[in-house]
Amino acid sequence: MKLSIIILNYNSGTYLASCLSSIYASKLHKYLIEVIVVDNASTDKSIKLTKKIEKSNPSIINIKYLILKTNIGFSAGNNRGVKISSP
C-alpha cells in the first residue's frame, strides 16, 4: 500500500519547509509514500526553497511537483494532486 500526501501551497514557503521536515521527521519516508506538492500559482519562492531542502536532505525521496500557472482554488488544486498520485 502506498500513501500519498498532497500538500497544496500558495505563497507559504516557510510553512512548506516545516511541513516537509515534519513528514520526514516522523519516519514516514521509510514506507512507500509519495509527497505531492501542488503549487497553486504562488508568487513567492516556495518551490525553489522546497527543492533546495530536498537537495540538502538525501533522506527525502519521492516528491512530485505540480506547478499551476493560475490559482484554481483549494478543492480543485487538491483534485489535481489526486490525479497525479500513484495508484
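Modeller: Here are the ground rules, then your questions. This is a predicted model: local features need pLDDT of at least 70, side-chain atom pairs pLDDT 80 or more, while totals for chains, interfaces and linings use all residues. Residues are numbered from 1 along each chain as its sequence is written, and side-chain values use heavy atoms, without hydrogens or water.

Biologist: Which strands pair with β2?

Modeller: β1 (residues 3-9) pairs with β2 in the parallel sense over 7 bridges. β3 (residues 63-68) also runs parallel to β2, joined by 6 bridges. Strands are DSSP runs of E, at least two residues, numbered from the N terminus; pairing takes at least two DSSP bridges.

Biologist: How many residues of β2 are buried?

Modeller: 8 of the 8, so β2 is largely enclosed by the rest of the structure. Buried means under 20% relative accessible area, with a 1.4 Å probe and protein chains only. Both faces are covered, with Val35 among the buried residues on one side and Ile36 among those on the other.

Biologist: New topic. Where is Ser42?

Modeller: In the loop between β2 (33-40) and α2 (46-56). Helices are DSSP runs of H or I, at least four residues. Ser42 counts as buried because its relative accessibility is 17%.

Biologist: What does the Ser42 side chain reach?

Modeller: The backbone nitrogen of Asn11, at 2.8 Å.

Methods: Buried < 20%, exposed > 50% of the residue type's maximum accessible area, 1.4 Å probe, protein only. Polar contact = N/O pair within 3.5 Å; in protein donor to acceptor, adjacent residues only side chain to side chain.
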